[in-house]
Amino acid sequence: VQLQASGGGLVQTGGSLRLSCAASGSIFSINVMGWYRQAPGKERELVATIISDGSTNYADSVKSRFTISRDNAKNTAYLQMNSLKPEDTAVYYCYARVVRVGLRYAYDYWGQGTQVTVSS
């Protein structure tokens, strides 16, 4: 299973970006998809997750600014980030908990990071 993240970049304070995460491979189902981020000198932290029924969870710091969604048919998750702040600057990592074809249990997979930089 591979996760391909895209959509990062440089934006000014108050701007918007949209991240995408596409999962591919021998996938039976995806229980959870989400995004984590890691700023320099800090630990990786949860940004947002979405489970297969559409239920979402957000870090308090991004609530009302970020929206996570997913297209189950495309095995793709999206993170719409609005009203970006300099403190949102980080490497954003795509995450998925996947049940592979022929296997019984779900395993966690990570995509490569995508840099988001918000200038003040």
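I began at Tyr105, which lies in the loop between β9 and β10 (106–110). The model I am reading is a predicted one. Is Tyr105 buried or exposed? I noted 53% relative accessibility for Tyr105, so this residue counts as exposed, the cut-off being over 50%. I then looked up the surface around this tyrosine. Leu103, Tyr105 and Tyr107 make a nonpolar surface patch of about 340 Å².

Next entry: the disulfide. I found a count of 1 disulfide. Cys21 and Cys94 are joined by this link, with an S to S distance of 1.5 Å. I read -60° about the S-S bond, which makes the link of Cys21 and Cys94 left-handed. Which parts does the pair tie together? Cys21 sits in strand β3 (residues 17–24) and Cys94 in strand β9 (residues 90–100), so the pair connects parts that are 73 residues apart in sequence. I also checked accessibility at both ends. Cys21 has 0% relative accessibility and therefore counts as buried; Cys94, at 1%, counts as buried.

Last entry: Asp88. I located Asp88 in the loop between β8 (76–81) and β9. What does the side chain of Asp88 make a polar contact with? I found the side chain of Arg65, at 2.7 Å. Leaving out residues up to four places away in sequence, I listed Arg37, Arg65, Phe66, Ser83, Val116 and Val118 as residues that Asp88 touches.

Conventions. Residues are numbered from 1 along each chain as its sequence is written. This is a predicted model: local features need pLDDT of at least 70, side-chain atom pairs count only at pLDDT 80 or more; totals for chains, interfaces and linings use all residues. Side-chain values use heavy atoms; hydrogens and water are left out. A disulfide is a pair of cysteine sulfur atoms within 2.5 Å. Helices (H or I, at least four residues) and strands (E, at least two) are DSSP runs, numbered from the N terminus. Buried means under 20% relative accessible area, exposed over 50%, partly exposed in between (1.4 Å probe, protein chains only). Patches are made of residues with over 30% relative accessible area and no salt bridge: like charges are joined within 9 Å, nonpolar side chains (Val, Leu, Ile, Met, Phe, Trp, Tyr) within 5 Å. Accessible areas come from the Shrake-Rupley method with a 1.4 Å probe; for residues, only the protein chains shown count as cover. A salt bridge is a side-chain nitrogen of Lys or Arg within 4 Å of a carboxyl oxygen of Asp or Glu. A polar contact is a pair of N or O atoms within 3.5 Å; within protein, one must be able to donate a hydrogen and the other to accept it, and residues adjacent in sequence count only if both atoms are side-chain atoms. Contact means heavy atoms within 4.5 Å.
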